[in-house]
Amino acid sequence: MKLVKNLCRCRASSRCKCRVTCKEYNDQMGPSGAMQECVARGGRMAAWRVHSYGGAAALRLDDARVPALRAPGQLLVRVHAAALNPLDLAMTEGYGVRVLNALRALSGAGGGGGGVELPLVVGRELVGVVERAGGAARLRRGQRVWAALPPHAPGCLARLALLDHRWAGPAPTSLGLEAGGALYAALTARAALRAAGVVGAAGAAPRRRPRVLLLGLGGVGHAALQLLVYEGAQVVVGCSADEQAVACAAGAAAALDRRASDYHQQQREAGPYEAVLDCAGLGGDEAAALAARGCSFRRYVTLTTPLLHATDRRGLAAAAGAAPLGCPPPHVRWAFFSASADDIELLRRLAERGQFSVRVERVFPWWRLPAAARRAQQGSARGKLLLDFRAEPPPAAAAAAAAAAAAAAAAPDAATAHY
C-alpha cells in the first residue's frame, strides 16, 4: 500500500517525520476529509480548553497536540459524542482546583494527567472508537467504547481523548450517541447506592426490598432510579410535576410533586425509608430538615459535599481539620464518582436488556459548545446536553479552525480559535 507523506498537520513539510498509509489516512480523515486530524506523530486536533479560570466564557477552541500514550494501560479514543455537564462549567471557574491538583500530582503521567492543570480540557464522559491502545489495555484498536473520566484527568471535549482503560468498556449496541452522556452520571449513582447500603460491593441486592426516597431526577437521579429498580428497591421520587410521568415510567413506586403544598406531608407518609438519596444538590443540611419534619430514614446520602468548596477557600490542611467537614452526622454520607470495570459492564448489560437508558435534551454540533454552555447555565435541563464530534462544520467554522491550525504551525502551543 502506498505511503503518504505530510498528510498530518506537522509544523513544516521539510521536517515532517510522519508516514501513514492511504487506508489509514482515509480512515482518519473520514468521508470528506474536513476537520479530521491525523493521529500520526506530530498530529493535531481540535479541543475545547480553558487557559485560565474565567467560567464558560474562557472556553476556547484550540488546535492542540494529539496526546501520546504514556502508560501501557492507556487508550487514545476518537470521540464521537461527549456530554457537557454542570461539573464541566464549574471546573472552568476553578471549582475543586486544590484537591484536583493534588490528585493530578499523585496520578502523574500514568493516570492520564501528567500533573498538568492548565490548559484544561473539559468533558467527563464520551462514546467513541479506540484509535490507539497500550499493550496492557483490555480494549483494542477499532472497538466502540463508552467511558467516564475522573475530574483530575484531562477531559474529552476534543476530537481525541486520552484515558485509562479502566475508565472505559465496550459500548452497548442499544445506545447510539446518547452513550456519550451515560457513564459519569451512572457511575456516580452507583457509588451513591453503595453509600446508602442499598447494594453491596459485589453487586448483590439485599434480601428485602428497601424503600428509598430519591430527591431529584436529573442525570444522576434518572440513572439512580433505574439502578434502584434493578436492585428491587421501592423508590419514591421527589421531582417537578412535569417529571412525574418520567419517574413512573422508569419504575418509581410513587412520584411526588416537590412544589405541591402538601409535599412534605406526602414525603413523611410514604416512609419510613431505608435511605434518602439527594440528587438535587440539597446537601447534608437537608437531612436535619427532613428529620425535623418527621420523615423517618436510616441513611442520607448526598452528592453535594462542602469539601471542594472549603479547600478552594482555605486550602487542603485547613479544610481537612475543620470540624464540620471532618465530623458529619453518622447517618449522613457523601458519595463521589468512582470508575469500576465491573460497574461499567453491568451498565452495558442493563442497556442491552432495555433496563438502562439515557435521556437527551439536545445534541449540539461540536463547534457550538458555547450554545450548549448557555443552555446548561439556564438550568433545569430535561436530559443530557451532548456534543456531536462526527458532525461536519459549516464553511465559516471550518475556515476558523483552519486558521487556528495555520497559527499552530508557527506557535504550536498558542493557537486558539474563539467562538
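Guide: Let us start with strand pairing, where two strands pair if DSSP finds at least two bridges between them. Here E7 and E8 pair in the antiparallel sense over five bridges. Such labels denote DSSP runs, numbered from the N terminus: helices (H or I) have at least four residues and strands (E) at least two. The model is a predicted one, in which local features need pLDDT of at least 70 and side-chain atom pairs count only at pLDDT 80 or more, while totals for chains, interfaces and linings use all residues. Residues are numbered from 1 along each chain as its sequence is written, and side-chain values use heavy atoms, with hydrogens and water left out.

Visitor: Which residue in E8 is the bridge partner of Leu 126?

Guide: The partner of Leu 126 is Ala 147. E8 also pairs with strand E10 (residues 168-170), in the antiparallel sense and over three bridges. There, Trp 146 has Gly 169 of E10 as its bridge partner.

Visitor: How many of the five residues of strand E8 are buried?

Guide: Buried means under 20% relative accessible area, exposed means over 50%, and partly exposed lies in between, with a 1.4 Å probe and protein chains only. Strand E8 (residues 144-148) is mostly covered, with four of its five residues buried.

Visitor: Where is His 152 found, and why does His 152 count as buried or exposed?

Guide: His 152 lies in the loop between E8 and strand E9 (160-164). Because its relative accessible area is 14%, His 152 is buried. Contact means heavy atoms within 4.5 Å. Apart from neighbours within four places in sequence, His 152 is in contact with Leu 100, Leu 103, Arg 104 and Ser 107.

Visitor: How many salt bridges does the structure hold?

Guide: Side chains of opposite charge can pair when their charged atoms come close. A salt bridge is a side-chain nitrogen of Lys or Arg within 4 Å of a carboxyl oxygen of Asp or Glu. The structure holds 19 of these salt bridges. In one of them, the side chains of Arg 78 and Glu 131 meet at 3.1 Å, N to O. This pair links distant parts of the chain, 53 residues apart: Arg 78 is in strand E5 (residues 74-83) and Glu 131 in strand E7 (residues 125-133). Both Arg 78 and Glu 131 are buried.

Visitor: Which residue forms a salt bridge with Glu 125?

Guide: Lys 384 does, with the closest N and O atoms 2.4 Å apart. Lys 384 belongs to strand E18 (residues 384-388) and Glu 125 to strand E7, 259 residues apart.
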